[in-house]
Amino acid sequence: MHRTLNYQITEKEQDFSVKQYLKSKGYSTQNMIQLKKNAECVLVNNAPVYMTHRLNPGDLLTIHIIEETSSEKILPVELPLDIVYEDEDFMVINKPAGMPIHPSMNNYDNSVANALAWYFRQKEIPFVFRCVNRLDRDTSGLTIIAKHYVSAGMLSRMLTAEGTSNRTTQEQSTSDFIEKHKGIRRRYLAIVRGQVTPSSGTINAPLGRKPGSVIERVVDFEKGETAVTHYHVLEEKNGHSLVSLELETGRTHQIRIHMKYLGFPLIGDYLYNPDMEYIGRQALHSYRLSFTHPITGAAMEFSAPLPEDMRKVLSSS
């Protein structure tokens, strides 16, 4: 994977070091450590420079992102991929239910990672698998895949972005990226049995591990991590409610636990509500993602329609 980024330095960035400038653009410390490994990766006016080099108005800062090796432990497997969007920096995949994101002991050759390893091998492009917003195996819908280590760092930072305030001028200059990129807005569709009351609201309940389990989570007001979910009911059909949910935080199983806490667990959820009458997996779909492009700054929005198994639940019996 080779990616070249050019930045024209303005008067606003006069006397910034290369390091300060790249931080303002969202590069992480780890990104800069990686770039320093090759003198040809950081150039000013086509000449290699150190991260401490001071920039002047009119300078052309060039960053070469070079990755020559692929993820070694991921077996390339020809599997169907629904690619919603792709450019030089990231991809958006519409993942089907039942397909894990990562290979594991019981899912060695049927994951999104396996499919992408095959996809990029056919293009003869080295590819390291970096998923930004991971979905559970049985959750369908949109997930973001970073195509190089810089976009991966930026997108991951956006996923957990928090407001920046009460900072010194120098600290603020390194957080411009977060100020301009307000995070990744993640919206889901879920189906529950019955009529949800109240029909909209915010669930603010911290989550932690269930004692004695490495998988299950529970609401834990003493030791749990902050978790906030906003929801509203879209429609009621066939004795079920279709609920739109937006994550403010991204804890493991957050929507599944929060809806159970509200008293309306997702149908088909083998862990938290094994109500399999209408569907054989948790009725949860990542249907919309919106965010600012980490490199270009363009507004990006993607959507994926409700999958057939969830649509059938809402159809008349």
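1. Start with Asn45. At a relative accessibility of 44%, Asn45 counts as partly exposed. Asn45 sits in the loop that runs between strand 2 and strand 3. Its phi is positive, near 55°, and the residue is not a glycine. Most residues other than glycine have a negative phi. Bear in mind throughout that this is a predicted model.

2. Next, the strands on either side of that loop. Strand 2 covers residues 42-44 and pairs with strand 3 in the antiparallel sense, over two bridges. Leu43 stands opposite Pro48 of strand 3. Both strands belong to an open sheet of four strands, ordered 1-4-2-3, with antiparallel pairing. Which strands stand at the edges? They are strand 1 (2-8) and strand 3 (47-48). Each has a single partner strand, so one side of each is left without a neighbour in the sheet. In general, strands of a sheet pair through backbone hydrogen bonds.

3. Now the overall picture. The protein has eight helices and 16 strands. Its 317 residues include 49% that are buried. The C-alpha atoms fill a box of roughly 70 × 50 × 40 Å along the principal axes. Take the contacts between residues at least 6 apart in sequence: 65% of them join residues at least 24 apart.

4. Glu124 also has a positive phi, near 60°, in a residue other than glycine. Glu124 lies in the loop between helix 3 (112-122) and strand 7. Is Glu124 buried or exposed? Glu124 is exposed, because its relative accessible area is 72% and the cut-off for exposed is over 50%.

5. Thr197 and Pro198 are joined by a cis peptide bond, with omega about -10°. Pro198 is placed in the loop between strand 9 and strand 10 (200-204). For background, most peptide bonds are trans.

6. Helix 4 is largely enclosed by the rest of the structure, because eight of its 11 residues are buried. The buried residues are Tyr149, Val150, Ser151, Ala152, Met154, Leu155, Met158 and Leu159. Two of these, Tyr149 and Val150, are touched by Asn31, which also touches Gly26; residues up to four places away in sequence are not counted. Asn31 belongs to helix 2 (residues 29-35). Asn31 counts as buried, at 3% relative accessibility.

7. The largest pocket holds about 910 Å³ of space. Its lining has 33 residues, and nearest its centre lie Arg186, Leu247, Thr249, Gly250 and Arg251. Which elements give two or more residues to this lining? They are helix 4 (149-159), strand 9 (185-193), strand 13 (228-237), strand 14 (240-247) and helix 7 (254-262). By class, the lining splits into 12 nonpolar, 11 polar and 10 charged residues.

8. Helix 7 has its own buried set: Gln254, Ile255, Arg256, Ile257, His258 and Met259. After helix 7 comes Gly263, with a positive phi near 105°.

9. The second largest pocket holds about 460 Å³ of space. There are 20 lining residues. Nearest the centre lie Leu135, Asp136, Arg137, Ile215 and His253. By class, the lining has eight nonpolar, six polar and six charged residues.

10. Asp136 links several of these points. Asp136 lies in the loop between strand 7 (130-131) and strand 8 (140-146). Asp136 is partly exposed, with a relative accessible area of 26%. What does Asp136 touch, leaving out residues up to four places away in sequence? The contacts are Lys95, His253, Arg256 and Gln282. Of these, Arg256 is among the buried residues of helix 7, and His253 is one of the residues nearest the centre of the second largest pocket. Asp136 and Thr252 are 116 residues apart in sequence, yet their C-alpha atoms are 8.8 Å apart in space.

Methods: Residues numbered from 1 in each chain as written. Predicted model: local features only at pLDDT ≥ 70, side-chain atom pairs only at ≥ 80, totals over all residues. Heavy atoms only, no water. Buried < 20%, exposed > 50% of the residue type's maximum accessible area, 1.4 Å probe, protein only. Contact = heavy atoms within 4.5 Å. 1 Å grid on protein atoms, 1.4 Å probe; cavity = no way out; pocket = protein on both sides within 12 Å on 5 of 7 lines; lining within 4 Å. Points joined across faces, edges and corners; volume = space filled by probe spheres on them. Nonpolar A, V, L, I, M, F, W, Y, C, P; charged D, E, K, R; others polar. Pairing = 2+ DSSP bridges.
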